[in-house]
Amino acid sequence: MANLLEVDDLTKRFGGFVALENISLGVAQGDRVGLIGPNGSGKSTLVNCICGTLHNETGTVRFNGAPVDGLKTYERTRLGLARSFQLPRPFTSMNVKDNLCIPLIYTVDARAKSRLTQAELDARCGELLELVGLKDKAQKMPRDLTQVEMRKLELARAMAAEPKLLMADEAMAGLSHSEVTDIVSLLIRLNERGVTIIMIEHIMSAVMSFSQRLIVLVSGRKIADGAPQQVIQDPDVVRAYLGQ
Amino acid sequence: MRSSWFLLCAVAVGAAVFGLSRLIQSEYFFFAGYVVLQYIVLATAWNILGGYTGYVNFGSAAFFAIGAYASVAIHKTYPLPIPVLIVIGGVISGLVGLGTGYLTLRLRGAFFAIATLALAVVVQTLITNWDYVGGSRGAYILRPASAPLLGNYIEYLFLIMLALAVIAVATARAIETSRLGFGFATIRDDELAAEASGVPTLKLKLIATTLSGAFMGMAGAPLPYYVTYLDPASGFSLAYAVNSIAMPLVGGTTTWIGPLVGAILLGTIQQIATVTISSAVNLLIVGLILIAFVIIAPNGLVGLVQGWFAKKDA
């Protein structure tokens, strides 16, 4: 079966600085992939290139069999490519429920070329809030949420677009141990619903418990790709990422 | 639908305002009222772009003057009724808005604001050098001896501007409560997150610049018939640009009611100051009020009132 996401020979430069160099990777439908690397290794840049926030100079990104190069971010979202942001970026003037309505209106409706009724919108939002455990916060404003609730909102909003592939960019940075477990189990629940997930993360315990496969980026290059247990024993990875 | 209900109510309020105005039987009241109504349209138009999507436009005077000068040009060629001129002025300014949007919407924040300011300078230079509409000498417009419907010309202009204000406010409210308004708000809050949620931000921003520009042009279209002498310095007056920003800011930018309240308040104060103190003191008053509001009520009067209610609830 062809891969859901196929990145082929992707290079991204910022001026003279090569942020990503000849990255190739494939992610199959239903996979749980961990993407790790030291700060500044290009993880977020890769996510941005896949989502269309940044444009790669060379190489192609294929999604669901078709190249998405040149498509705008919102078009990619409508194809089923969703992401959450490293620092939560809620729509601050709307309450939690309305935050979730945006992808429902602008992605799900646009995709189906029909309109969800208000009752259907309410039901979908309720379902998503239930899933991430924010049911009783529906009417709260984002500024009244705690850090972990904000992350959950971020994931819920990405999920509201009914993606085929979700890229969770450091959804757990700065959270406590129990909160991390909370989010990991949430991501696994999402995966069980058939969503392919790429988790970008620094917290190794989370990555190891989540990933079926691990990709390591160092200075814009992919240096390892394979089963998590083998990858973290790879001498290159140990040297470059975990230190000596 | 709720929006059509609102339109009916707005029409009723407009009719009441006009009825009461006729009771006053003062020519001056219509003169002053026209200006306030014109500012309601301008402030509401500015707010569609500036308040709803968060893109600050300093070039309101350009869109306004394009509407006015379109009327001058048409008047010289083949005079048409004012409602037709309003539609034409709106279309032209709307198209300029669309073009400006295409060129400048890559810019964010202060950079967009500076670009719109540059637009105003460019358009003013063009008009100043366009001899057909009077160039820097200005153009005289002879009003018809009597106005349709009412006979009295200033009452007629007042009525037209009143109708335009009703349409503008009803449109703004309809946008605000619609899915389009939801999309606009995401652009104001976080454009990157909006795109990631599937919002076609460029398209929405172009809709906003077009609508905003169109209403400004419509507000300007009857101006030559109001002032009867129009030159670039008055058509592109700083007052239009400053007021169309200050009024929504004073009233509150996130709702349709903000620019309405701000325009009535500031517009009336200016009219009173013009006759009681001096016409030059207008902008000073606007400046002072604006500073006061930025400090005391950064979310405008609407924000202030909402804040009181929130406190009461808590």
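Helices α12(B) and α14(B) are roughly parallel to each other; angles under 35 degrees count as roughly parallel, over 145 as roughly antiparallel, 65 to 115 as roughly perpendicular and the rest as oblique. Their axes come within 10 Å and cross at roughly 30°. Axes are lines fitted to C-alpha atoms, for helices over the stretch in contact, and angles run from 0 to 180 degrees between N-to-C directions. The crossing of α12(B) past α14(B) is left-handed, that is, the near helix is turned anticlockwise from the far one by less than a right angle.

The model is predicted: local features need pLDDT of at least 70, side-chain atom pairs count only at pLDDT 80 or more, and totals for chains, interfaces and linings use all residues. Residues are numbered from 1 along each chain as its sequence is written, while chains are lettered from A and ligands numbered from 1 in the order in which they are written.

Contact requires C-beta atoms, placed from the backbone, within 7 Å.

| Helix | Residue range | Residues in the contact |
|---|---|---|
| α12(B) | 238-251 | A239(B), V242(B), N243(B), A246(B), L249(B), V250(B) |
| α14(B) | 282-296 | N282(B), L283(B), V286(B), I289(B), L290(B), F293(B) |

By class, this contact of α12(B) with α14(B) has ten nonpolar, two polar and no charged residues. Ala, Val, Leu, Ile, Met, Phe, Trp, Tyr, Cys and Pro count as nonpolar, Asp, Glu, Lys and Arg as charged, and the others, Gly among them, as polar.

Chain B holds 15 helices and two strands. Helices (H or I, at least four residues) and strands (E, at least two) are DSSP runs, numbered from the N terminus. The C-alpha trace of chain B spans about 60 × 45 × 40 Å along its principal axes.

Next, the interface. Chain B puts 17 residues into the contact and chain A 21 residues. On the chain B side, α7 (179-189) and α8 (191-196) each supply at least two residues. Helix α7(B) gives the most, with seven residues. That side has seven nonpolar, five polar and five charged residues.

Chain A has an open sheet of four strands, ordered β2-β1-β4-β5 with antiparallel pairing. Strands pair if DSSP finds at least two bridges between them. β2 (17-27) and β5 (66-67) of chain A stand at the edges with a single partner strand each, so one side of each lacks a neighbour in the sheet. Two bridges join β4(A), residues 58-63, to β5(A). F63(A) stands opposite A66(A) in β5(A). Helix α1(A), residues 43-51, packs on the sheet and touches β1 (5-14), β2 and β4 of chain A. The direction of α1(A) makes about 65° with that of β2(A).

Notes. Two residues are in contact if their C-beta atoms, placed from the backbone, lie within 7 Å.
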